[in-house]
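Hello,

Here is the structure I promised to pass on. Please open it next to this email and follow along.

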Amino acid sequence: MANPRPHRGATLNAESQRFNLPQTEADGEWLDARDTIDGAPSPLRTTVTVEHARTIITRNRSPDVPFDRSINPYRGCEHGCIYCFARPSHAFHDLSPGLDFETKLFAKPDAAALLRAELAKPGYACQPIAMGTNTDPYQPIEREWQVTRRVIEVLADCDHPLVVTTKSDRVVRDLDLLAPMATKGLVAVAISVTSLDPRIAMTVEPRAPTPERRLAAVARLAAAGVPTYVNMAPVIPAITDGEVEAIVARAAAAGARGVSFIPVRLPWEVAPLFRAWLDEHFPERAGKVMAIVQSLRGGKDNDPRFGMRMKGEGPWAELLRTRFRIARAKAGFSDERRRLDLRCDLFRPPAGAQGELF
């Protein structure tokens, strides 16, 4: 059985084998490098490395997401959500998708300057930019680094549309920017609420704010006029699926404009990490959880096909969709997912952006 670190999500820290990376010896602080302290696992400290990126806007052509560009102010995420599909990206840095993903983070302090330069290019065509599509832009290190805030400042100055996805109530810190953008039809925020049970939330997402704090953030954003949505992403079979109706009702009570969901998906190294986590925290139902996951994914741990990866297939997936449809109707939401129509016609390219890079 794995030996979990306190207040961390993954129970393992094996390096990825997909890229034939060399095995390396851990080189951390003395207390972090020790296996145990007085017989208990030692805590792991979070480290942040500065990344000097050459560009900041990432493009995609996926038909499964309603945007074609995004910004990731950070790599890795201290929230430590065991299901996070971004974990495998750490393998590109010769780091583990396990505990390294949660503890060895990268920040991009040049993001705002890079964004100004990219928005100033003559050929730039404005479309909404998404933040929070890979790692959370409001994870704990944002408190000190404020990379996300500086990026939003640039977008606000240019009247550029923005969609934010987060599971942190820290987003309300930036209401002074988001509320004026909302009056112009330039912003929407989605907050992830995967469970209302604080013990389950603490296990699944060990360093994310509590469910109540997230719902309070939904209420504050909605009261300030910011279009706010709740995502139950992901829904974990036999662990959180029993809360569908309660989460939809609480989202409505908080003033959310809509609720969406994604069944848990386990690409690449996420699957073995998730299995080890189940064995540690939910051994009595691990088999049931994975049986349902595989029924959703064509008999495998993951189905990467476009059109299937975000919604799954089979009887369990159809039952989940039916439950959400009924719960939405009961809570007063529209049966269809509300489209985000953010304005692009107000965009004004920034002036003098190139000089900020030098």
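**A salt bridge in a helix**

Start with Glu-318, which is partly exposed at 39% relative accessibility. This is a predicted model, so treat it as one. The side chain of Glu-318 forms a salt bridge with that of Arg-321, with N and O 3.2 Å apart. Arg-321 is partly exposed too, at 26%. Why can these two residues meet? Glu-318 and Arg-321 sit 3 residues apart in helix α12 (residues 315-331), so about one helical turn separates them. In general, side chains of opposite charge can pair when their charged atoms come close.

**Other charged pairs**

How many salt bridges does the model have? The count comes to 26. Two of them deserve a look.

- Arg-214 and Glu-205 join through their side chains, at 2.7 Å from N to O. Are these residues buried or exposed? Arg-214 has a relative accessible area of 1%, under the 20% cut-off, so Arg-214 counts as buried. Glu-205 is buried as well, also at 1%.
- Arg-173 pairs with Asp-174, and their closest N and O atoms are 2.9 Å apart. Asp-174 is buried, at 0%. Arg-173 is partly exposed, at 29%.

Salt bridges link Glu-142, Arg-149, Glu-153, Arg-173, Asp-174 and Asp-176.

**The sheet**

Now find the strands. Seven strands form an open sheet: its 7 strands run in the order β4-β5-β8-β9-β10-β11-β12. The pairing is mixed. Which strands are at the edges? They are β4 (57-59) and β12 (259-263), and each of them pairs on one side only. From one strand to the next, the twist averages 25 degrees.

Look at one pairing in detail. Strand β5 (residues 69-71) pairs with strand β8 (residues 129-131) in the parallel sense, over 2 bridges. Ser-70 has Ala-130 in β8 as its bridge partner. As a rule, strands of a sheet pair through backbone hydrogen bonds, either parallel or antiparallel.

**Helices α8 and α9**

Helix α9 (residues 244-254) lies across β11 (228-235) and β12. Its direction is at about 165 degrees to β11. Helix α9 also meets helix α8 (residues 211-223): their axes come within 8 Å and cross at roughly 35 degrees.

Which residues make this contact? From α8 come Glu-212, Leu-215, Val-218, Ala-219 and Ala-222. From α9 come Arg-250, Ala-251 and Ala-254. By class, the contact has 6 nonpolar residues, 2 charged ones and no polar ones.

**The nonpolar cores**

In soluble globular proteins, nonpolar side chains tend to be buried together. How many residues are in the largest nonpolar core here? It has 65. Those with the most contacts inside it are Leu-115, Leu-119, Leu-162, Leu-178, Leu-221 and Phe-324. Helix α5 (residues 147-157) gives the largest share of this core, with 6 residues.

Setting aside neighbours within four places in sequence, Leu-178 is in contact with Ile-152, Leu-162, Val-171, Val-187, Val-189, Leu-221 and Val-226. There is also a second, separate core of 28 residues. Among its members are Cys-77, Ile-82, Val-264 and Val-289.

Best wishes

Definitions and conventions. Residues are numbered from 1 along each chain as its sequence is written. This is a predicted model: local features need pLDDT of at least 70, side-chain atom pairs count only at pLDDT 80 or more; totals for chains, interfaces and linings use all residues. Side-chain values use heavy atoms; hydrogens and water are left out. Two strands pair if DSSP finds at least two bridges between them. Helices (H or I, at least four residues) and strands (E, at least two) are DSSP runs, numbered from the N terminus. Axes are lines fitted to C-alpha atoms, for helices over the stretch in contact, and angles run from 0 to 180 degrees between N-to-C directions. Contact means heavy atoms within 4.5 Å. A nonpolar core is a set of buried Ala, Val, Leu, Ile, Met, Phe, Trp, Tyr and Cys residues joined through side-chain atoms within 4.5 Å. Buried means under 20% relative accessible area, exposed over 50%, partly exposed in between (1.4 Å probe, protein chains only). Ala, Val, Leu, Ile, Met, Phe, Trp, Tyr, Cys and Pro count as nonpolar, Asp, Glu, Lys and Arg as charged, and the others, Gly among them, as polar. A salt bridge is a side-chain nitrogen of Lys or Arg within 4 Å of a carboxyl oxygen of Asp or Glu.
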